[in-house]
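Please look over the sequence and the structure below. The paragraphs after them go from the overall layout to single residues.

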Amino acid sequence: MDALNTEWTSITQYQNVRNAIAHHNSNIMRQKEKALNKQELFPIVSGNSSLVLDNNNGDFYIKDKKYLLDFCDLAKTYISKTLELMEN
């Protein structure tokens, strides 16, 4: 299953963003003693053009449905590759 590491890493990034939305009111500030740019999700959220981050308080939102469609494509690729590996 090493062939799936890249996809799995990306899936876990989406999972972390989803968890921030669902459990932390769309905010990336987990460790209040750390600066915003030192937060675990900062590079993920700030580096994605489909997400908008408020650099004052750590709030973010999805501005483009492309983010969700990209996840669907990623999940499809992961499932397809998994099935291929299972068949071989």
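**Layout and contacts**

The protein has 3 helices and 2 strands, where helices (H or I, at least four residues) and strands (E, at least two) are DSSP runs numbered from the N terminus. Read from the N terminus on, the order of the elements is α-α-β-β-α. This is a predicted model, in which local features need pLDDT of at least 70 and side-chain atom pairs count only at pLDDT 80 or more, while totals for chains, interfaces and linings use all residues. Residues are numbered from 1 along each chain as its sequence is written, and side-chain values use heavy atoms, with hydrogens and water left out.

The C-alpha trace spans about 50 × 25 × 20 Å along its principal axes. Of the 88 residues, 26% count as buried. Here buried means under 20% relative accessible area, exposed means over 50%, and partly exposed lies in between (1.4 Å probe, protein chains only).

Helix 3 contains 22 residues and reaches 31 Å from its first C-alpha to its last, close to the 32 Å expected at 1.5 Å a residue. That expected span is 1.5 Å times one less than the number of residues. Tyr67, Leu74 and Thr82 are the buried residues to look for in helix 3. Seen down the helix axis, the buried residues of helix 3 fall within an arc of 70 degrees, so they line one face of the helix; the arc is that of the directions from the helix axis to the C-beta atoms. Lys76 and Glu87, on the other side of helix 3, are exposed.

What ties helix 3 to helix 1? The structure holds 3 aromatic pairs, a pair being two rings of Phe, Tyr or Trp (its six-membered ring) with centres within 6.5 Å; planes under 30 degrees apart count as stacked, over 60 as edge-to-face and the rest as tilted. One of the pairs is that of Tyr14 and Tyr67, which is tilted, with 4.7 Å centre to centre and 40 degrees between the planes. Because Tyr14 lies in helix 1 (residues 5-23) and Tyr67 in helix 3 (residues 66-87), this pair ties together parts that are 53 residues apart in sequence. Both Tyr14 and Tyr67 are buried.

Tyr14 also pairs with Phe71: the ring centres are 5.0 Å apart and the planes are at 55 degrees, so this pair is tilted. With Tyr14 in helix 1 and Phe71 in helix 3, the pair ties together parts that are 57 residues apart in sequence. Tyr14 has a relative accessible area of 16%, whereas Phe71 is partly exposed at 32%. Tyr14, Tyr67 and Phe71 form one aromatic cluster.

Gln15, also in helix 1, is partly exposed at 42% relative accessibility. Gln15 and Lys32 are 17 residues apart in sequence and 21 Å apart in space, C-alpha to C-alpha. Phe42 belongs to helix 2 (residues 42-46) and is buried, with a relative accessible area of 18%. From Phe42 to Gly58 the separation is 16 residues in sequence and 8.4 Å in space, C-alpha to C-alpha.

On the surface, Ile21, Ile62 and Leu68 form a nonpolar patch with about 220 Å² of accessible area together. Accessible areas come from the Shrake-Rupley method with a 1.4 Å probe, and for residues only the protein chains shown count as cover. Patches are made of residues with over 30% relative accessible area and no salt bridge, with like charges joined within 9 Å and nonpolar side chains (Val, Leu, Ile, Met, Phe, Trp, Tyr) within 5 Å. A salt bridge is a side-chain nitrogen of Lys or Arg within 4 Å of a carboxyl oxygen of Asp or Glu. Ile62 lies in strand 2 (residues 60-62) and is partly exposed, with a relative accessible area of 31%.
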